[in-house]
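Subject: Structure for you to look at

Hello,

Here is the structure you will be working with. Please open it alongside this message; my notes on what was found follow below it.

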Amino acid sequence: MSYIPHSLPAQGDTATNALSVEAMFTQILGAVQKSQAEISELRQECAELRLANTSLERQVKEGFNNHNVNGSRFAPTPGTVTPIPGSPQLRAKSPFLSPHNIPTLSAVPPSFLVPSPLGDNNVTAVWISQRDIPGFYVVIPAGGAGTRLWPLSREEHPKFLLDLTLKGRSLIQATWDRLLPLSSPSRTTVVAGPGHVKSIYEQLPDLLPQNLFCEPGPKESMAAIGLAAAVLAKRDPNAIIGSFAADHMISGDDAFLSAVAEAVEVAKKDYLVTIGIAPSHPSTGFGYIRLGDKLGIRQAPNARLVSSFKEKPDARTAAAYIGTGNYRWNAGMFVTKATVLMDLLKDYKPDLHDGLQKIANVWADEEKRQATLAEVWPGLEKIAIDHAVAEPASAEGKVAVVPATFGWDDVGDFSSLADLLPAEANQPRILGDNNFVLTEQVAGGIVVPGSGRLIACLGVDDLVIVDMPDTLLVTTRARSQEVKRLVKKCRDAGWKALL
């Protein structure tokens, strides 16, 4: 009888173990194949979603004004849709409209944000019976250097002078085109610094010289808008003014003009009126407006009191705001009587009011104007209109809001700019000529090939790469809001010429 050591398996046991291992591998292989099949299905679903999203973007782009908004429809109103400018640069290849400015970029079609559902706060369509609103004056503050878009945006050529939609019209030209149906050139004004006056005249040839208010230096929005209000109140004591930034993107002209017309009706009741944008996502980059009670104004059925203004929230708070349905983005658009704004300023910021009033009293005399500006302007408080008058006035029930449904973005950084540009699947957005960008295993982000050099990226996601002839910026989308810190470092390091 043979002896079988305990340490060695019998022949039958070996066969059994081999079968067990084979079964285990078969099971593992089956699980892998099942996972691969599930991954393939997910990829197919993602591809279908991308196609659906592309189709939606095309519909928004081609016919936003005809879309349903919570069951109601903004019917097209003759004379209120901004016409396509008859510009030879309609299919521009660069965001720089002046040939002497850097760099060269190729055309990229835009896409816009789609407003989120408004919950219980549905918006009623308001018909505009005529194009022009008598007594309504447009104020376009054109300030700021757009430091978060550096080095694309520069102090001498800030973002409002750039064509970021690559349609042949800069942001300030698009703002002008959008508002012109309501006011005409005779009642459309611009507030800007001396360094931008020449470029603004070049881009807005119909701007009347008496309607360009030149501020000697940047003093935030209250001084700029207050200067225009003080001067316009002298020209027309019954003037109603509307302030709209020069560097914002808006889609849906019919809905925009309807909201402005409604805001004018509310302003006639001596309210300071703002326009609240329906949030499309829980943004931490914008302030919020909490809706209050309805005002019950027949000509302005959507108007409400402003319950309160909220500063830029964190992500959790922003999501909570949207969840209630009672909050709107604060886009910094204000409509009011010029005299009402000055009265509010007198109540809350009397020194600023007195300084602006002193300047307005001599504005018609060029020599006295320059002398008074040199004397008064440097001492004016640097403060935003929200903090100066809107927030304290809302606590006293003097501020109203018109909830609106048009698409809006302030293009505040490269991340938000990237959201407005189309992209291939798993590819970065490219603001420029695709031939100058090569990528391998790269997803997300934005690349601006503005120098003529080839940009090659391997295995990096969500980067911001802005390659200009004189400057190269590399950061991430997550930190694109911090680009202005680099601008400060460049200034401190002696690179002011590149800013």
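Helices and strands here are DSSP runs numbered from the N terminus, a helix having at least four residues and a strand at least two. Please keep in mind that this is a predicted model.

With that numbering, alanine 303 falls in the loop between β9 (287–294) and β10. Its relative accessible area is 0%, so alanine 303 counts as buried, the cut-off being under 20%. Leaving aside residues up to four places away in sequence, alanine 303 touches Glu262, Val266, Lys294, Leu295, Val401 and Val402.

Strand β8

Six of the six residues of β8 are buried, so the strand is largely enclosed by the rest of the structure. In a regular strand the side chains alternate between the two faces of the sheet. In β8 both faces are covered. Leu272, Thr274 and Gly276 are buried on one side, and Val273, Ile275 and Ile277 are buried on the other.

β8 has pairing partners in β12 and β11. With β12 the strands run parallel and are joined by six bridges; leucine 272 stands opposite valine 399 there. With β11 the pairing is antiparallel, over four bridges, and isoleucine 277 has tryptophan 329 as its bridge partner in that strand.

Helix α10

Two packed helices are described by the angle between their axes and the distance between the axes. For α7 and α10 the angle is about 90 degrees and the axes are 10 Å apart. That makes α7 roughly perpendicular to α10. On the α7 side, Leu341, Leu344, Leu345 and Tyr348 take part; they meet Ile385, Ala388, Val389, Pro392 and Ala393 of α10.

Salt bridges

The structure holds 18 salt bridges. Here are some of them.

Aspartate 270 and lysine 337 meet through their side chains at 2.8 Å, N to O. Aspartate 270 lies in the loop between α5 (253–267) and β8, while lysine 337 is in strand β11, so the pair ties together parts that are 67 residues apart in sequence. Both partners are partly exposed: aspartate 270 has a relative accessible area of 44%, and lysine 337 has 22%.

Aspartate 467 and arginine 453 form another salt bridge, at 2.5 Å, N to O. The pair is 14 residues apart, with aspartate 467 in strand β18 (residues 463–467) and arginine 453 in the loop between β16 (446–449) and β17 (455–458). Aspartate 467 is buried at 4% relative accessibility, whereas arginine 453 is partly exposed at 44%.

Lysine 496 and glutamate 155 also form a salt bridge, at 4.0 Å, N to O. This pair links distant parts of the chain, 341 residues apart: lysine 496 is in the segment after α12 (483–492), and glutamate 155 is in the loop between β3 (136–142) and α2 (171–183). Glutamate 155 is partly exposed, at 27% relative accessibility. Salt bridges that share partners join Glu155, Arg491 and Lys496 into one network.

Cysteines

A disulfide is a covalent bond between the sulfur atoms of two cysteines. How many disulfides does the structure hold? The count is zero. Among the cysteines, cysteine 457 is buried at 9% relative accessibility, and cysteine 490 is buried with a relative accessible area of 17%.

Regards

Definitions and conventions. Residues numbered from 1 in each chain as written. Predicted model: local features only at pLDDT ≥ 70, side-chain atom pairs only at ≥ 80, totals over all residues. Heavy atoms only, no water. Buried < 20%, exposed > 50% of the residue type's maximum accessible area, 1.4 Å probe, protein only. Pairing = 2+ DSSP bridges. Disulfide = S-S within 2.5 Å. Axes fitted to C-alpha atoms, helices over the stretch in contact; angles between N-to-C directions. Parallel < 35°, antiparallel > 145°, perpendicular 65-115°, else oblique. Contact = heavy atoms within 4.5 Å.
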